[in-house]
Amino acid sequence: MFTLPQKDFRARTTCLGPACMQDLGSSHGEDLEGECSRKLDQKLPELRGVGDPAMISSDTSYLSSRGRMIKWFWDSAEEGYRTYHMDEYDEDKNPSGIINLGTSENKLCFDLLSWRLSQSDMQRVEPSLLQYADWRGHLFLREEVAKFLSFYCKSPVPLRPENVVVLNGGASLFSALATVLCEAGEAFLIPTPYYGAITQHVCLYGNIRLAYVYLDSEVTGLDTRPFQLTVEKLEMALREAHSEGVKVKGLILISPQNPLGDVYSPEELQEYLVFAKRHRLHVIVDEVYMLSVFEKSVGYRSVLSLERLPDPQRTHVMWATSKDFGMSGLRFDWINQVYLPENHARLKAAHTYVSEELRALGIPFLSRGAGFFIWVDLRKYLPKGTFEEEMLLWRCFLDNKVLLSFGKAFECKEPGWFRFVFSDQAHRLCLGMQRVRQVLAGKSQVAEDPRPSQSQEPSDQRR
Ligand SMILES: Cc1ncc(COP(=O)(O)O)c(C=O)c1O
């Protein structure tokens, strides 16, 4: 995320959007998932490494100040990804290249998908597909999406195509929703840690702020698990935003959560929705990992499966093909009988492998049975427990040719958490974990004992 200095703005919990940007030269920013991170009062010229302006092509004079900010932001955010693309691991051609366990993609089912996509029923291109659609997307597509989501979300009443809008990816949906639901400078509440690129989509393009609901790994009060969202925490964050003069218009929820892999129970969902209704807030529920729940025991439920939505006019649900399929247009039969069972089995096997590796290393982690990632607690490798050390550790991993995502990218308030993506082929995972082990073997630990309260298996979680 990024934050820009404004003389008398005191908000600690909000991220300012471009509406507040003064000038690129005095601005500073924060990152995309797995990438750069900056302190609030740092100035661009002091930045080094990720986001270092010297690394960024200099001729931006043809851009608006907004364009320069967006460019600076993306250039900064993508250092890890750029480095990876310059030195990608390849078993034969570049075996010492970087293993990418940082980007949340599913690389396990390419064989199934490429076979399915090469079948003759996938090769038809009707003329209408090449012509302008309704601004909400082609009607036939919205009808298919409505049927698809009614079925997979287990919606008690069928969804209507007129309530479906199709855009080119989840990212665009965030920008569009921020734009149509908020005035410039208004805010959405969002629990942290969260998928960090939402910041760009709503702040850079949607021109609105994020007000953070900071969650802790420590289980306190009525919490039953680490990083638990409760209505009390939502109420507190809302009060804080109001006291800072920030108008909050909505709440963003992600389930299954990225990076935690948590899913919200129907009771929790209901409580959050009732909270939102009480304060006349919109709720965006991002369910892009809906079909990547590979452990039945987590009991995932889509918000659309609830009997009654407290405030349907202000409830917006997002789903995308990018995670669950990486593409669209598949037939249901094949999805249920071939793709989903095989994808879940592969996700589970990859997840088991990485979990066992982490356990053998004595590293605590949260393990939820959904999504493509494990939220890993490496706090014991940070002697002072700072975000600078977190960044240095991330760099050590990258220098040792394994790309991970660090917690600051998700606005985690505790330095030392990392997201490991496990949805990759066995040989790459194996090599990636070997490189992780090498880095950690060279580091001294602050505390010898793992903090057991943070390791939760999916089956434990709901017991
Ligand atoms: C929770 C979440 N929402 C949305 C997106 C973006 O989706 P898309 O790739 O379709 O833009 C991501 C991508 O990582 C994500 O993790």
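The side chain of Ser 155 reaches the backbone oxygen of Val 157 at 2.5 Å. This falls under the heading of polar contacts (pairs of N or O atoms within 3.5 Å; within protein, one atom must be able to donate a hydrogen and the other to accept it, and residues adjacent in sequence count only if both atoms are side-chain atoms). The model is predicted: local features need pLDDT of at least 70, side-chain atom pairs count only at pLDDT 80 or more, and totals for chains, interfaces and linings use all residues. Residues are numbered from 1 along each chain as its sequence is written, and side-chain values use heavy atoms, with hydrogens and water left out.

Ser 155 sits in the loop between helix H4 (139-152) and helix H5 (170-181). Helices (H or I, at least four residues) and strands (E, at least two) are DSSP runs, numbered from the N terminus. Ser 155 counts as buried because its relative accessibility is 14%. Buried means under 20% relative accessible area, exposed over 50%, and partly exposed in between (1.4 Å probe, protein chains only). Beyond its neighbours within four places in sequence, Ser 155 is in contact (heavy atoms within 4.5 Å) with Ser 150, Leu 304 and Ser 305.

Phe 422 is another loop residue, placed between strand S12 (417-421) and H12. Its relative accessible area is 0%, so Phe 422 is buried. Phe 422 and Leu 108 lie 314 residues apart in sequence, yet their C-alpha atoms are 9.5 Å apart in space.

Helix H12 (residues 426-441) also meets helix H11 (residues 387-399). Their axes come within 9 Å and cross at roughly 130°. H11 is therefore oblique to H12. Axes are lines fitted to C-alpha atoms, for helices over the stretch in contact, and angles run from 0 to 180 degrees between N-to-C directions. Angles under 35 degrees count as roughly parallel, over 145 as roughly antiparallel, 65 to 115 as roughly perpendicular, and the rest as oblique. Leu 393, Cys 396 and Phe 397 in H11 meet Val 436, Val 439 and Leu 440 in H12. The residues of this contact comprise six nonpolar, no polar and no charged. Nonpolar covers Ala, Val, Leu, Ile, Met, Phe, Trp, Tyr, Cys and Pro; Asp, Glu, Lys and Arg are charged, and the others, Gly among them, polar.

Overall, the protein chain holds 13 helices and 12 strands. Of its 463 residues, 55% are buried.
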